[in-house]
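Please walk me through this structure.

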Amino acid sequence: MKWVYIAAGIAFYCILLLIPNSLKDLGDMSVVACIVKDSGIPNAVTGIILRNRLYDTIFEVVVFTIAIMGARYLLADEKPLSEISQLQDQPSIVLARLGATISALVGIELAIRGHLSPGGGFAAGVAGGTAIGLVAITSSPQWMQGIYKRWKATMWEKISVLVFIVLAVITLSGFELPHGELGTLFSGGAIPLLNLLVAIKVTLGSWSAIVVFIHYRGLF
């Protein structure tokens, strides 16, 4: 049976070698140029993620949401820690909060201009979550929990997911906003809005996970 698998693998490899290259038919047309033209933004990667394969991106956002819900569910029955450690020395606190400020600024820039330059909603959300994590290891857990509840982060996280899905479905149905002028901030139709929604979702989801793990596990 092993030889059958080996023969099938060799045959499959030979078939791949013999398949004609369909890119030759494109002539001088660049694939990247086609994506930029269709999406209306200079960042072809963001054009692919939030337009050409938007269907996959919807489920990536849903999977992230399920992961955060799973963390809450699995830890809900555990006893919270009575003592939570955090950074105490002043130099480390200053450096952590400086890093948080830089991460937050980078996250905002990536969320707003991710369709024009390297970046995007997921990268912006990671930067935002990093900023929150750095603040968490230098602040009181009760203060972090109070801020999280005061701003109703859980509600805004759910709203951002729902709005993203609705806007994505509308886009997939063929209804697109005007692309605007290529290279400007308000270009690419709904892509900048989708970018911003993903950034909000990932940032708030990361914040939720950080709050849960600090409450039940201490600081990482």
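Ser160 sits in helix H8, which runs over residues 153-172. The model is a predicted one. Is Ser160 buried or exposed? Its relative accessible area is 4%. The cut-off for buried is under 20%, so Ser160 counts as buried.

What does the side chain of Ser160 meet? One of its polar atoms lies 2.6 Å from the backbone oxygen of Glu157.

Now turn to the aromatic rings. Searching the whole structure gives 2 aromatic pairs. One of them joins Tyr148 and Trp207, whose ring centres are 5.3 Å apart. Their planes stand at 80°, so this pair is edge-to-face. The cut-off for that class is over 60 degrees. Tyr148 belongs to helix H7 (residues 141-150), and Trp207 belongs to helix H9 (residues 191-217). The pair therefore ties together parts that lie 59 residues apart in sequence. Tyr148 and Trp207 are both buried.

How many cavities of 30 Å³ or more does the structure hold? There is 1. The volume of the largest cavity is about 60 Å³. Its lining has 13 residues, and those closest to its centre are Thr171, Glu176, Gly188, Ala190 and Ile191. Two elements, helix H3 (44-52) and H9, each give two or more residues to this lining. By class, the lining of the largest cavity has 6 nonpolar, 5 polar and 2 charged residues.

The open spaces come last. The largest pocket has a volume of about 260 Å³. Which residues lie nearest its centre? They are Gly107, Ile108, Gly128, Ala199 and Thr203, from a lining of 13 residues. Helix H5 (90-113), helix H6 (121-136) and H9 each give two or more residues to the lining of this pocket. By class, the pocket lining has 10 nonpolar and 3 polar residues, with no charged residues.

H9 gives two or more residues to the lining of the largest cavity. H9 also gives two or more to the lining of the largest pocket.

Conventions: Residues numbered from 1 in each chain as written. Predicted model: local features only at pLDDT ≥ 70, side-chain atom pairs only at ≥ 80, totals over all residues. Heavy atoms only, no water. Helix = DSSP H or I, 4+ residues; strand = E, 2+ residues; numbered from the N terminus. Buried < 20%, exposed > 50% of the residue type's maximum accessible area, 1.4 Å probe, protein only. Polar contact = N/O pair within 3.5 Å; in protein donor to acceptor, adjacent residues only side chain to side chain. Phe/Tyr/Trp six-rings, centres within 6.5 Å; stacked < 30°, edge-to-face > 60°. 1 Å grid on protein atoms, 1.4 Å probe; cavity = no way out; pocket = protein on both sides within 12 Å on 5 of 7 lines; lining within 4 Å. Points joined across faces, edges and corners; volume = space filled by probe spheres on them. Nonpolar A, V, L, I, M, F, W, Y, C, P; charged D, E, K, R; others polar.
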